[in-house]
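Please look over the two-chain model below.

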Amino acid sequence: MLHLVAVLILANVLTIAANAQPVTLKGTVTDATTKVPVSAASVVVKGSTTGTYTDEAGNFTITTSQPLPITLEISAVNYQNQSVVVSAASGNISITLEQTVALGQEVVVSATRTPARILESPVSIERVGTTAIRGAAAANYYDMINNLKGVDVVTSSLTFKTPATRGFNGSGNTRVNQIMDGMDNQAPGLNFSVGSIIGLTELDVDNFELLQGASSALYGPGGMNGTILINGKSPFKYPGLSFQIKTGMMHFNDKGRDVSPYYNWAVRWGQKVSDKFAFKIGAELVQAKDWLARDYRNYLRQSSTTGKIVPGTRETDPNYDGANVYGDEASTNMRSILDIIGGNAFFASDFIKTLPTNIPVSRTGYTENEMINPNTYTFKLTGALHYKLAKNVEAILAANWGTGNSVYTGSQRYSLKDFKIGQYKLDIVGKNWYVRGYTTQENSGNSSNLTFSAIKLNEAWKSNTAWFTEYTLGYLNAKLAGKNEMDAHNIARGIADVGRPAAGSQQFKDLMKQVTSKPIPVGGQFVDRSDLYMAEGQYSFEQIKFADIMVGGNWKQYVLNSQGTLFADKAGEPITINEVGAYIQVAKSFLNEKLRLSASGRYDKNENFEGRFTPRVTALYKVAKSHNLRFSYQTAYRFPSTQQQWIDLDVVTGRLLGENIALWEKYNLINNAPYNPLDLSERITYVKTKPESVTSFELGYKSVIKSKLMVDVYGYVGEYQNFLSRRDAIQFASGVPAPNAPYSAYSVVVNAPGKVKTYGWGASFDYLLPKGFTAGLNLSSDILKDVPEGFRANFNAPKLRTNVSVGNTGFGKKKLVGFNLVWKWQDGFFYESDFIQDDLPAFHNVDASINIKSPRIRSLIKIGANNLLNSYYRNAVANPMVGGLYYVSFAYNVL
Amino acid sequence: MKNIFRNWWSQSLLLLVAVGMLASCNKELPEPTPIQPPPATGTQTISQILAANPNYSFLVAAIARAGSSLSFNPADATAKYTMFAPDNNAFIASGIPSIAVINGMPVASVAALVNYHVMPGLLLKAADFKTDFPNMYMQSALVLSSAPPLAYRMSIFPRKHSTGNWVNNLPITSADVMASNGVMHGVPFLLSPPTQVIAQILAGNANFTYLMAAIARGDAGPPPGGQALLPLLSNGAANFTLFAPTNQAFNNLFAALGLPQDISTINALPTQQVWGIVAFHLLLNKRAFFRNFPDGQSTFPSLIGVPQQYKVSLAAGTLEVRGPANLIPPAPGTPYYAKATAMDAHAVNGVVHTIDAVLLPQ
């Protein structure tokens, strides 16, 4: 086999040598409709291996030794192939390409870290390119992820969406890597990916790729449930000024808000100063009134992170704790106060004895609507300097900075206010290597925890002691006046709440300002100034012909700085966590390129955990032309997130603790081990946690049938073990459990025992109809099984979801009108999170847009709607209800 | 063939989209569901039950007469009351022979009378009556003071006893008539709200001048930690059982001790000793009606901690009480019991049993 290849190569060399009478041809490739240069078009001399690509201006130069006339074959993604006969070497050859929709021709990088046709990717991958982004039925490019196969999204705010694949989604999911222009955009302290808050502006996104399923082997710890790579536009390739003005309306028929506008303005300026130097700057502002979480059902907390929805309203349950009502988490058993009253007022003592022993009462809360300023915004600022150090070596200095107001859901709802995050990198990219250093600088601004803020606001107005005493006396008086239980409670609440600051009043605003400017546990603010530093590099051995070999490595440091408000750090004494990793990938083709095998391995060591090796093996078998079978085995894992390692946060119902032994020592949990609250005979002792891991097998098939129908199907099984989870623990001051003995409640991080299996499948069909129409259907399913009893996996994936789409990139006389329509439906499932657990019903949603191109000014007008039917839905319990967003946009210089 | 294929795809896809769009809207966000109040214990209110039963026409008339002066509303279906409901015979037996008499009484008196028959805010079924000595110290609907932080009402004393259920010193005749807003128990007589405090009862009775003098003597110099007794016996929010020795009882004691049988003797005795003897006659925070004592012999700690010893015959209607030092010589002496000559004198702040000997703690 090897010999054969060598002979062929030799034969080629000899052929070229024998005909060495070079002719140089020059030409330009442009779009037949828009007259825009087509870059990266392939130009090949027919019947030879000689070929080149057009540059950013559509120009190409090709030198061939074949005698004229020759035929040039030109091909480019999204264009029809074109052949041109050239009989003279003089002058500029002008070639126009007709737009078309080709299936399976996109080039993806993330699947193997090397460019490959999507059809030949050895693992499941989705790609969205510039054209698709331009015409998308989405108000924001980030929303497009929602409609990809196998993707679940949790919308915790208009500007805060968290995607995941193959289960285990939640707001601020830590199992999906999001890499933006080479930088992991996970906030180092808060652990969520800030994709929609900072990073590239819509005008600056060239494409994004989504790897479904486990992908740690190439991208490092964390990518257990997918990796998203978002890539920007090079200023060399996309110079000039472009801008986009998008204005919309939302909150039609919204129970929580009045109709209000949506603004999304973006501008980008790229400048190619010389052949060596180019730069770009961009900015984007999104401003609107946020979707509102308004689930006011009664949530019965069973521990700091578990509970269930139960019947009850503020008027019918004295201990009501509304899901999106905050401050009512503060609760006490009135019995203790009643007993004190009985001890002083003898005449009431026997009556008090007739009352129940357990009378839990909660303080009056404020709804999310009352707590949060509805204005949400994100402002992004990006810039990059590109300098070509040598022919194939480019240095890039880039900065992405963003700020905004948003809401996300962790163990509570968090108001991110003037949240800021900056990412700064220096990249040096060679033809077959790169080195990169970057840092993520997080600043939580004036962000606060809504539950805490409300509790502290209530207390700042009236102490719990005073409020509960007034309540109890009011209750007793009402009872003794013959009122029934609930009437007595409501009268008591009325008395204790006299003078309570009304939401929106000046008093309320002043108190709110007071409590949100003080960090937890005094106020509701959380201070997070954590940073991430990362250095990485990769090299492909081009000189080794035997196989394609690539090596890489990275060093990562987290600097956790919350001034003791979130982590167990202290002001001026941040906690650092160091991690190093290295990987190698070997790929080789066999059987006449019909079979391509690759093996990758990655080793990572976190200073707090034992090192982990993750292998990946992939195979791609070309059954026939455009019929590819793929198989992969991969493992992925993640170290406990920075919060799972070092959080030290009182959440009223208990204290969330990280897994680090220092925290156990801090609360004397080693010497006085806590108990399982559900079974006091079980003592919970410290066990060092292990990284969570998944082993996954995937079989897939991708094919383009008659250039009309692209089919992609996959099935996978995954097995998770050492699942990182929390469990409740109560520590008795005396060390021995006893009824009514004083205790402290904790939620500690543990590896759940046993293995959890997942399996699932996905299938997509994209069909090219005549006249540029396309139709697509995808279905996917993710199922969790073998869940041990009492184990909460937070799987959060439906058994079935589907997207149906129709679209056209250009129809009409001049092919200037395009549209897209996507219908998404997903089945209901039981949603689990630290914040809440309850049924999430099935829902569906239609996104649609229509666009008109104006080639003369290279502009695009788009009218569209997210949730066209304005049928409010939510994709996570106690998260906002999302309604229709209707927009119109004008984008200049985007064609 | 190709056309069919193409059409099939395009049509079915468009159909799918159409079906999706026509599909019912997403589920509305569920509203919180109110907790239903526990089901009512009866279908009719107390008012309705009374109105439907001619045996309660006097009570109905009394309720009507009291009108808005009542502090409870028996027609309020959402409220919760325990009512000791006297039927017409109970009115007649208590000296109110007709509705006309009721209508001739002052509204305030009728209101006080009716209010005193109700325990608001709880539903005390016969089985819920407690057996603890002496009884349950509950609050009636007769408001004495509504000053904050906690209103004070005329106390009322239900009790389960071996001989059945009682309220104050009246037996329950028919128990557990369930209403939607409470429960009713029958009583054979009216429960008359007391009008005087113990101090007033004592002051108004010439048989207790020695006792009043003893109280004054003790209050002039109580032992350390001891409170003046007269203010307590005058306090409407207090609650006592007092075994009140008559003047003769004091004279008998003085005779036995060889002291002059005169009220002035009291002032010759040490104040602390007198205080201790008087306090020994009191049960604090207990209102023990005759019927609340256990049949036979029993003891209960007095205000000073030393137990009083009782000998009771419920059948014969006799109550006797002694202290550890009530002895008939010669030494070491035979235990002597003071006899209650009058029982259950009901005060706002307690009950008084007249006894024929002074109780001696030591």
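**Confidence**

This is a predicted model. The average pLDDT of chain A is 88. A score of at least 70 is reached by 97% of its residues. Residues 1-19 of chain A are another matter: pLDDT stays under 50 there. For that stretch the model has 4 contacts beyond four places in sequence.

**Contact between chains A and B**

Chain A brings 49 residues to the contact, and chain B brings 42 residues. Which elements of chain A supply at least two residues each to the side that touches chain B? Three are helices: H5 (346-353), H8 (464-480) and H9 (485-496). The strands are S46 (773-785), S47 (801-811), S48 (817-826) and S51 (843-854). H5(A) gives the most, with 6 residues. By class, this side of chain A holds 28 nonpolar, 12 polar and 9 charged residues.

**Helices H7 and H10 of chain A**

H7 (residues 450-461) packs on H10 (residues 506-516), both in chain A. The angle is about 120 degrees, and the axes are 9 Å apart. The crossing is right-handed.

From H7(A), the residues that meet the partner helix are Ser453(A), Lys456(A), Leu457(A), Ala460(A) and Trp461(A). From H10(A) come Leu511(A), Met512(A), Gln514(A), Val515(A) and Thr516(A). The residues of this contact divide into 6 nonpolar, 3 polar and 1 charged.

**Thr403 of chain A**

Thr403(A) sits in strand S27 (residues 393-409) of chain A. Is Thr403(A) buried or exposed? Thr403(A) is buried, because 20 other C-beta atoms lie within 10 Å, and 20 or more is the cut-off. Leaving out residues up to four places away in sequence, Thr403(A) touches Phe379(A), Asp418(A), Phe419(A) and Lys420(A). Ser65(A) is 338 residues from Thr403(A) in sequence. In space the two are 57 Å apart, C-alpha to C-alpha.

**Backbone geometry**

Most residues other than glycine have a negative phi, and most peptide bonds are trans. The table lists some exceptions, two cis peptide bonds and two positive phi values.

| Site | Feature | Angle |
|---|---|---|
| Phe133(B) to Pro134(B) | cis peptide bond | omega near -5 degrees |
| Pro329(B) to Pro330(B) | cis peptide bond | omega near 5 degrees |
| Asp181(A) | positive phi | phi near 50 degrees |
| Asn285(B) | positive phi | phi near 60 degrees |

Where do these sites fall? Pro134(B) is in the loop between strands S2 (118-120) and S3 (138-145) of chain B. Pro330(B) is in the loop between strands S15 (327-328) and S16 (334-335) of chain B.

Asp181(A) lies in the loop between strands S13 (177-180) and S14 (183-184) of chain A. Asp181(A) has 24 other C-beta atoms within 10 Å, so Asp181(A) is buried. Asn285(B) occupies the loop between strands S11 (282-284) and S12 (296-301) of chain B. Asn285(B) has 15 C-beta neighbours inside 10 Å, so Asn285(B) counts as partly exposed.

Methods
Residues are numbered from 1 along each chain as its sequence is written. Chains are lettered from A and ligands numbered from 1 in the order in which they are written. This is a predicted model: local features need pLDDT of at least 70, side-chain atom pairs count only at pLDDT 80 or more; totals for chains, interfaces and linings use all residues. Axes are lines fitted to C-alpha atoms, for helices over the stretch in contact, and angles run from 0 to 180 degrees between N-to-C directions. Helices (H or I, at least four residues) and strands (E, at least two) are DSSP runs, numbered from the N terminus. A crossing is left-handed if the near helix is turned anticlockwise from the far one by less than a right angle, and right-handed if clockwise. Two residues are in contact if their C-beta atoms, placed from the backbone, lie within 7 Å. Ala, Val, Leu, Ile, Met, Phe, Trp, Tyr, Cys and Pro count as nonpolar, Asp, Glu, Lys and Arg as charged, and the others, Gly among them, as polar. pLDDT is the predictor's confidence in each residue, from 0 to 100. A residue is buried if 20 or more other C-beta atoms lie within 10 Å of its own, exposed if 12 or fewer, and partly exposed in between; C-beta atoms are placed from the backbone.
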